[in-house]
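This briefing covers cavities, strand pairing and salt bridges in one structure. Please read it alongside the sequence and the model.

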Amino acid sequence: MRIDFDPQRTDRGTFYRLLTAVVVPRPIAWISTVTPDGETANLAPHSFFTIACVSPPVVQFTSVGRKDSLRNIEETGSFVVNFAPEHLFEQINATATDFPRGVSEFTAVGVEPEPSLKVKPPRVAGSPVALECELHSTVLLGDSTVVFGRVVHAVVDEDVMTDGHPEAARLRPLTRLGKDEWGTFAGVREISRVPYAQWQEDRGAR
């Protein structure tokens, strides 16, 4: 037996909790930005995050409501996506606190920053990967804003690389689930995609 949910008849909070419980796991973009005067660095996790385009490289995340990250990006035109690893779990969660604008999460939570190469916002020194982005565009959808960032520089710790490629087992990504649940790295399964010609050949051999 299935349970039906009509978004037109379900309150926002209930449907939000439904969506975040079934669209799982979600990668976390740990977004760093700066205020227009460059005095305050903001840092916050956003779990509505993915790749939007490969060439040019563009990533996207969604700000639900108008948060400091979104305001800073609109006013400065840049941001950094810092990878969210398991070992920084408590700090990542702490930066989701609704600190007043003008309070730096880097300072309040005790996250060490490091200078970026091509954009003004700092990177998270302890994060193994950082994507420095310039604002490409935004799209307003109801109560949320989708932010598209063109990646202008990427940096990866050599400790998480194997044969020139970042390895999930070394990155140990942290992900978001429903409610207050978070997902940790549980291993990797590998399987190759089968080209159509090979698929036909295999079926013909049966």
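On a 1 Å grid over the protein atoms alone, a cavity is a set of points where a 1.4 Å probe fits but cannot get out, and lining residues have an atom within 4 Å of a point. The model is predicted: local features need pLDDT of at least 70, side-chain atom pairs count only at pLDDT 80 or more, and totals for chains, interfaces and linings use all residues. Residues are numbered from 1 along each chain as its sequence is written, and side-chain values use heavy atoms, with hydrogens and water left out.

**Cavity**

- A search of the whole structure finds 1 cavity of 30 Å³ or more, where a volume is the space filled by probe spheres set on grid points joined across faces, edges and corners.
- The largest cavity holds about 40 Å³ of space.
- Its lining is made up of T35, T40, A41, N42, D68, N72, P100, R101, G102, V103 and E105.
- Strand β3 (41-46) and helix α2 (68-76) are the elements that give two or more residues to this lining; helices (H or I, at least four residues) and strands (E, at least two) are DSSP runs, numbered from the N terminus.
- The lining has 3 nonpolar, 5 polar and 3 charged residues, with Ala, Val, Leu, Ile, Met, Phe, Trp, Tyr, Cys and Pro counted as nonpolar, Asp, Glu, Lys and Arg as charged, and the others, Gly among them, as polar.

- N72 lies in helix α2 and counts as buried because its relative accessibility is 1%; buried means under 20% relative accessible area, exposed over 50%, and partly exposed in between (1.4 Å probe, protein chains only).
- Leaving aside neighbours within four places in sequence, N72 is in contact (heavy atoms within 4.5 Å) with T33, V34, T35, P36, N42, G77 and R101.

**Strand pairing**

- Two strands pair if DSSP finds at least two bridges between them.
- Strand β10 (residues 144-156) runs antiparallel to β5 (residues 58-64), with 7 bridges joining the two; S63 stands opposite T145 in β10.
- Strand β9 (residues 129-141) also pairs with β10 in the antiparallel sense, over 12 bridges, and L141 has S144 as its bridge partner in β10.
- A hairpin is formed by β9 and β10 with 2 residues between them, and G142 in the turn has a positive phi of about 60°.
- An open sheet of 3 strands has the order β1-β13-β14, with antiparallel pairing.
- At its edges stand β1 (26-27) and β14 (182-183), each with a single partner strand, so one side of each is left without a neighbour in the sheet.
- Strand β13 (residues 175-176) and β14 are joined by 2 bridges, and R176 stands opposite W182 in β14.

**Salt bridges**

- A salt bridge is a side-chain nitrogen of Lys or Arg within 4 Å of a carboxyl oxygen of Asp or Glu; by this rule the count comes to 10.
- R12 and D143 meet through their side chains at 2.7 Å, N to O. This pair links distant parts of the chain, R12 being in helix α1 (residues 12-22) and D143 in the loop between β9 and β10, 131 residues apart.
- R12 counts as exposed at 52% relative accessibility, whereas D143 counts as partly exposed at 43%.
- R150 forms a salt bridge with E134, the closest N and O atoms being 3.0 Å apart. R150 is in strand β10 and E134 in strand β9, 16 residues apart.
- Both R150, at 34% relative accessibility, and E134, at 32%, count as partly exposed.
- The side chains of R123 and E114 form a salt bridge at 2.9 Å, N to O; R123 is buried, with a relative accessible area of 11%, while E114 is partly exposed at 26%.
- A network of salt bridges links E114, R123 and E132.

Methods:
1 Å grid on protein atoms, 1.4 Å probe; cavity = no way out; pocket = protein on both sides within 12 Å on 5 of 7 lines; lining within 4 Å.
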